[in-house]
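Please look through the sequence and the model shown below before reading on. The notes that follow treat contacts, cores and a sheet in turn.

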Amino acid sequence: MATETSTSDGGESGRAGLKQNAKYYILSYPLAWLVFVFLAPLGMLFMFSFWVHVPGTGYTAGFTLDNYARFFTSSLYVQQLWVTVELALVTAVVSLLLGYPLAYYLARIDRPWLRNVLLITIISSLWITYVIRAYAWQVILASRGILSSLGVATGILGSHQSFYPGYWGLVVGMVYVFLPFMVLSLYSSIRNLDGELLEASKNLGAGPVRTFRRVTLPLTKNGIASGTALVFILALGAYVLPRLLGTPNQRTLPVLIEQQIMSESNYPFGAAMSVLLIVVMLVFLWALIRITNVSAANIGGAEGVTGEDETSTTSGPGALSGLWSRLGGVVAATGLSRVYGSVASAVSDRVEAVDSDTRESVIGTSFRVYVAAVMLFIAAPLGIIVAVSFTPEEFLTFPPGGFSTRWYVEFFTDPAWVRSLVNSLTIAAAAALLSTSIGGILAFTLDRFDYKFGSLIGTFGVLPILVPPVIIAVAFLVFFLQIGLTGTRTGIIVAHGIFYAPLPFILITQGLSELNRTYEEAAMNLGASPVRTIRTITYPLLRANVVSGALFAFILSLNEYIIAWLLSLFLVKTIPIQIFNQLRYSYPPTIAAASTVFILLTVVVMTAINRLSGGIWE
Amino acid sequence: MSGISLQDISKRYSGSVLAVDDIDLEIESGEFVTLVGPSGCGKTTTLRTIAGFEKPTAGTVHIGGKDVTDAPPYERNTGMVFQDFALFPHLTVHENVAYGMEADGGYTDEEIDARVAEMLELVELPGTGDRKPDQLSGGQQQRIALARALAPKPDALLLDEPLASLDKKLREQMQVELRRIQQEVGITTVFVTHNQEEALTMSDRLAVMNEGKFEQVGPPGDVYNEPETRFVADFIGTANIFDGDVTQTEDGYVSVDCGDVEVESTATRETAVGDDVSVVARPERFNFQSSTDDDRDENVFTGEVTFRRHLGSSVEYRIETAEGREVVVVRPSGLDEHEPGEQVTVSVDADNCRVVST
């Protein structure tokens with residue numbers, strides 16, 4: 001082993017039992033992917049935004065500001081930019097208001113089986129492709145759709161009417177899609193709250209409303225912050241929902257970008273808009289941080305108690321959560337705690353006259369009704385898709401006029417659908433392997449060796465997933481145009497592999513940090529070489545994390561639409577692409593059958609992950 | 001069987017902390033040596049240096065006459081029992097115990113099975129091979145950890161506070177058990193603990209460590225009865241310690257002025273008038289006196305009993321003198337009982353006192 005170098009980190013090398021230089025060889029694998037196949041496309045995207053569009057033939061290298069000028073001189077584009085931001089904000093705020101009570105209920109519920117069922121439902125719906133979920137809302141909101149039929153049947157509506165495309169239909173769809181992220185962020189934060197604190201507050205004479213305002217809310221502001229920031233970022237980059245549920249008035253930036261690429265073939269302008277989207281995101285994040293810092297001092301009740309992960313800003317995921325918690329300070333701090341506070345005290349004034357038992361039971365009942373309604377909102381749309389997939393009729397009707405599996409037969413016998421399914425599975429499996437190799441090796445090297453820029457590299461490792469997929473898509477498109485990988489499955493595999501590498505990275509990093517090093521020392525003490533130790537001890541103890549990471553990447557790749565669509569250049573079709581295309585022209589119930597197969601696949605894999613990791617959601 | 005030899009071992013961590021400061025230790029084949037000291041004294045670092053988990057900044061480690069200073073842990077043939085046992089949670093008891101022999105590669109399956117059975121017999125847990133570690137109690141896990149360490153026939157057994165996570169009763173039971181097994185196998189053993197009682201009851205020799213150095217190395221009786229430093233006297237057992245200046249030396253006796261009191265002691269070390277020294281007297285060397293007859297060779301203290309507790313076979317008293325000094329006295333149970341609040345006089349013979357370095 002490292003014989004001549006008995007330096008200060010001799011202990012470290014002795015423990016890892018690997019040669020000094022090995023750490024650089026191993027790191028070079030994930031780093032090469034991240035630098036050459038993640039940073040390079042982003043750099044190229046930036047460069048492309050200054051190139052010249054040549055109508056007809058495409059583009060030529062050069063330098064022009066026309067692409068940016070075109071954007072800012074058009075009132076249409078500037079207005080769409082504002083619509084994009086507004087939609088993201090509205091989505092984040094509505095998600096928070098809907099999500100908090102549900103998350104609170106989930107965290108405090110004392111029936112584990114029920115919590116598991118609800119969590120699995122929420123988490124499974126989280127990963128199902130936006131295409132299917134937007135489709136579900138089309139079915140609900142369409143003229144002669146479920147809502148309209150219900151309205152006519154109950155006499156509320158005089159005649160059938162459609163609730164989409166339109167602004168509020170879109171907001172409902174966006175909230176539906178991003179609410180699970182909010183609920184999970186809040187859930188973990190409320191779950192960490194010590195129940196005794198609430199009892200202490202009540203013991204000191206504070207009623208439920210006061211306890212909530214003075215104890216629960218301030219202590220969960222990190223979750224509020226990270227959830228809100230997460231939903232905001234995700235909504236800002238949303239393409240599928242505005243495209244499928246919005247009118248041309250709600251063409252958000254991602255929709256405009258896609259149009260430039262796929263319809264106009266104007267890559268430089270698409271690149272310029274992508275750069276602008278990144279800038280908008282950064283500006284808003286920066287602004288949110290600024291607002292927090294400025295106003296954090298004068299927010300009643302929100303100061304003083306800091307959250308759980310204030311100290312963990314060294315590693316990659318830590319730095320990320322640090323960022324989120326700071327962002328969150330914003331939201332928690334400013335409007336929302338005040339809104340909650342004033343609503344709460346209004347309620348409390350109103351019910352002050354009634355005796356406390358009645359008051360508690362009124363609050364308790366209305367709370368449960370609210371939670372049930374939100375849960376229904378999350379679960380019902382996919383249930384409806386499953387239900388209508390068994391219709392025997394040529395068109396979607398609700399309720400279905402009978403029971404038939406003809407559309408499943410159609411799905412599994414139509415060569416186009418089968419080809420898409422095979423494409424989807426192949427791409428997802430290969431992308432999962434690639435993601436796991438990049439994320440896993442990066443996690444391992446960063447955990448085992450000291451590098452000068454270790455924490456920076458760690459942050460780098462989680463970066464891909466933070467970039468809106470539409471931007472990843474355009475960046476890879478311009479990159480692959482140069483090396484001839486557009487329109488191939490390999491191209492999509494590489495893009496997905498990089499984009500989802502942070503999931504195995506985070507999961508395996510977490511597994512390594514929880515791994516008791518003494519096991520490895522014990523193995524070496526018993527004569528096991530480093531390789532044998534990794535094979536017989538380290539890997540088996542990490543297996544749940546490694547496999548979960550791979551399955552996560554698999555399920556996300558399987559359900560991904562926009563990256564696959566832009567990189568396919570019409571040549572490769574996956575299931576989400578196929579469904580989306582069909583939605584543009586007609587509504588055969590095959591779509592519902594395909595969606596059901598996909599939902600089932602996703603739920604099975606997510607349940608497997610949960611089993612494997614013994615309650616990873618905790 | 002083979003001994004362990006540490007020569008001029010120092011370990012400096014990146015920073016500047018000198019965890020181990022130039023220590024030497026010769027451990028004979030089959031000997032049970034305990035490294036004892038407060039946390040942070042360097043005892044665990046020393047053990048980990050023997051195991052190969054730490055590389056010494058200076059010095060050499062020999063196991064069985066072979067220089068292993070640069071050898072990685074897996075080429076040293078030591079068997080270690082860890083504080084939290086470190087039984088592999090994904091492997092059965094059998095697989096845990098077999099692990100070392102499988103890594104060695106030189107055993108057939110039959111030999112491994114036979115050896116595992118033999119080891120489980122040795123630790124009195126036959127038939128537990130199919131269980132997983134989490135199905136065992138703390139004491140059982142401890143025994144399996146020991147069996148696993150001994151199975152590949154190591155040259156030395158290294159024990160890193162293995163009893164610390166057990167409750168008191170089980171710990172005492174395991175002390176006896178561990179010693180029995182060690183003697184049965186006859187293996188050279190290094191045991192690390194911060195518990196001085198454990199160190200006294202188990203070892204052939206103990207090495208008292210403080211700030212990276214050995215304060216004293218010797219058999220338990222010697223270390224307890226003839227401490228050489230104030231630290232050892234204080235750390236091992238209970239001691240009354242009188243710090244002061246030497247005022248007089250004569251006929252093998254020393255007088256020490258401690259401010260409130262003048263203490264006489266046998267001159268257990270070379271001193272000159274004016275030296276800063278400490279005089280040590282163990283509590284059980286004191287007697288109660290009915291009258292204050294002043295003998296030249298006796299140190300006499302008068303004061304009030306402030307605290308009394310029964311220790312079973314003996315009784316401990318704390319007596320506060322008029323000057324505010326507390327003297328601890330331990331007397332056999334059932335003799336001269338005194339009540340808290342009572343004025344008493346106690347004395348200790350100068351021959352029962354020792355002069356040690358401060």
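Leaving aside neighbours within four places in sequence, which residues is Ile579(A) in contact with? They are Val131(A), Ile132(A), Trp417(A), Ile591(A), Ala594(A) and Ser595(A), where contact means heavy atoms within 4.5 Å.

This is a predicted model, in which local features need pLDDT of at least 70 and side-chain atom pairs count only at pLDDT 80 or more, while totals for chains, interfaces and linings use all residues. Residues are numbered from 1 along each chain as its sequence is written, chains are lettered from A and ligands numbered from 1 in the order in which they are written, and side-chain values use heavy atoms, with hydrogens and water left out.

**Nonpolar cores**
- A nonpolar core is a set of buried (under 20% relative accessible area, 1.4 Å probe, protein chains only) Ala, Val, Leu, Ile, Met, Phe, Trp, Tyr and Cys residues joined through side-chain atoms within 4.5 Å.
- The largest has 177 residues, and those touching the most other members are Leu102(A), Phe178(A), Phe476(A), Tyr561(A) and Ile579(A).
- Apart from this core lies another of 40 residues, including Met80(B) and Leu158(B).

**The sheet of chain B**
- Strand E3 (residues 32-36) and strand E9 (residues 205-210) of chain B pair in the parallel sense over 4 bridges, and Val33(B) stands opposite Arg205(B) in E9(B).

Technical notes:
Pairing = 2+ DSSP bridges. Helix = DSSP H or I, 4+ residues; strand = E, 2+ residues; numbered from the N terminus. Buried < 20%, exposed > 50% of the residue type's maximum accessible area, 1.4 Å probe, protein only.
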